[in-house]
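Okay everyone, thanks for making time. Let me put the model up, and then I'll walk you through a few spots in it.

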Amino acid sequence: MALGAQSVLISESVDPRCRTILEENGIHVTEKQNMRKDELIAEIKNYDGLVVRSATKVTADVIDAATNLKIIGRAGTGVDNVDVDAATQKGIIVMNTPSGNTISAAELTCALIMNLSRQVPQAAMSMKAGNWDRKKFMGAELYGKVLGIVGLGRIGKEVASRMQSFGMKTIGYDPITPKEISASWGVEQMTLEQLWPQCDYITVHTPLMPSTVGLLNDETFAKCKRGVKVVNCARGGIIDEAALFRAVESGQCGGAGLDVFVEEPPKERTLVDHPNVISCPHLGASTKEAQARCGQDIALQIVDMVNGKNLVGAVNAQVLASTFSQQSQELIKFGEAIGALLQSCLTSRKPYSDCMKSSTSYMPSAVLVGLLGNGSNSINLINVLNFAKESGIQVSQTHCSSNGVGVCEVEILADGCTIKATGSVQSGVPVLLTLSDSTFRQPVSLTGNLLFFKASENSQLLLSVVGVLAAEGVQIESFSAPVNHTGEQWFCVGLSKLLTDLNVLKPIVTDAAQVTI
């Protein structure tokens, strides 16, 4: 699925390399920074792609106004400034650069841990004020202390390796990373209940989501060692700010290093102004190297997507990850064709539901695009499963092969009636092998204008159909008959154009459907 983007809006300051790479690959780029929400809503309809950092809030109403938007690229890690659900619903890919600022964020985390241990910022400010307070800034060594790392992804791993160099013991928690993997980095995994009371320092490296909001709060601070020091270079809100203030005031928390806040910049400054809190204005990715890396990465990812080469960093379109080979593109076209065919067979029946069977990881989505799309550009591989769920359609899949050739079978149960089709891809062309109980003598090429009709074969059938079509000014371009001549069977006719009214066939057939593929 190539993106086909022709124009991209960059709404924040990103490394110039981003624009250069996009333009070198034939993509028109516009840079407009510091836009108000209403300005972004008015502007976004003109673009196929949007590149942001963390300041631009890509809300549902912004996405709703984005009539042409196909991709939102976040030059950084988290995407909490993007309404991913709204983008998915509209079939827009959301991608980030998962490794672009890893080193920079890890190094800032380590710097804050070290500064908390020795109170370097406070001592520097005291010196600038003309003081010499050696006793006031008594510190503590990191050697032998326990560092708890909540979130053992890329950044958590890099923090662990660096702080182990200071002789710290590293323990951690992550619901995804296997314990044996983190153990290979020297991090012992445990539950949060086990972790809290052991830590001298705690650093968080999780996404901001309902399960991580307020992860450190009054209750969890009470479970920690008195004087525990905490660092947050991830997302504001993971540490409950009100609870943190109470903890530093009481001494339960011995100090905090904060690079992120719930509100940025923070209007409530009780934490920022507290003498035991070291604050930075969201500098985790603010290095020349990280900005260059993120800007370059997001541009290259977009270019690869545009050219149909690869998909990296997509947070809401995993179904597309394996769809970039020529074979998979052929199978997608086949799935959409099968879905469109069965949709045409169902037009005169009640809404379909219950079950759909197909093969390969992306085939169910492809079939659903053909089944539900009805020529609409708003339904694609990204959002079609959501539409299917809303329509009450349940999907199941199996995979089989016939004589070494991959065959897909799609079955729809609608209002107690079953419609089934099987097919494959032959020489790059999607073909139909069977429709319900009818097996075609030659595979039907699923291209062009196709008329399917069901009837009992007799010597006059084809002549009668030809006569009706000729009367309607429609020419026959191909004809496919079933292998079996017993009972009612499906036939397929390739047409120069579709019939304006299928009812003209009623006197000679029992069922009919037509589709353009």
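Let's start at Leu502, which sits in the loop between β22 (488–495) and β23 (511–516). Before I go on, some ground rules: this is a predicted model, so local features need pLDDT of at least 70 and side-chain atom pairs count only at pLDDT 80 or more, while totals for chains, interfaces and linings use all residues. Residues are numbered from 1 along each chain as its sequence is written, and side-chain values use heavy atoms, with hydrogens and water left out. When I say helix or strand, I mean DSSP runs numbered from the N terminus: H or I with at least four residues for helices, E with at least two for strands.

Back to Leu502. Is it buried or exposed? In between: Leu502 is partly exposed, with a relative accessible area of 25%. For the cut-offs, buried is under 20% relative accessible area, exposed is over 50%, and partly exposed lies between them, with a 1.4 Å probe and protein chains only. Leaving aside residues up to four places away in sequence, Leu502 touches Leu451, Ala512, Ala513 and Gln514; a contact here means heavy atoms within 4.5 Å. There's also Phe453, 49 residues from Leu502 along the chain, and their C-alpha atoms are separated by 9.9 Å.

Buried residues are 49% of its 517 residues. Of the contacts with a separation of 6 or more, 61% are between residues 24 or more positions apart.

Now a sheet. It's an open one of five strands, in the order β2-β1-β3-β4-β5, with parallel pairing. β2 (28–31) and β5 (93–96) are at the edges with a single partner strand each, so one side of each has no neighbour in the sheet. On average, neighbouring strands of this sheet are turned by 20° against each other, direction ignored. Those angles come from axes, meaning lines fitted to C-alpha atoms, for helices over the stretch in contact, and in general they run from 0 to 180 degrees between N-to-C directions. Looking at one pair, strand β1 (residues 7–10) runs parallel to β2, and four bridges join them. Two strands count as paired if DSSP finds at least two bridges between them. Within that pair, Val8 stands opposite Val29 in β2. Then there's helix α12 (residues 288–306), which lies across β3 (49–52), β4 (71–74) and β5, at about 145° to β5.

Over to helix α11 (residues 241–250), where the buried residues are Ala243, Leu244, Ala247 and Val248. Down the axis of α11 they fall within an arc of 130°, so they line one face of the helix; that arc is taken from the directions from the helix axis to the C-beta atoms. Their cover includes α10 (218–223), β10 (228–232) and β11 (253–258). Just after α11, Gly251 takes a positive phi of about 90°.

Most residues other than glycine have a negative phi, and most peptide bonds are trans. Glu264 and Pro265 are joined by a cis peptide bond, with omega about -5°, and Pro265 is in the loop between β11 and β12 (277–279). His282, not a glycine, has a positive phi of about 55°; His282 is in the loop between β12 and α12. Ser436 isn't a glycine either, and has a positive phi of about 55°. Ser436 is in the loop between β18 (429–435) and β19 (438–445).
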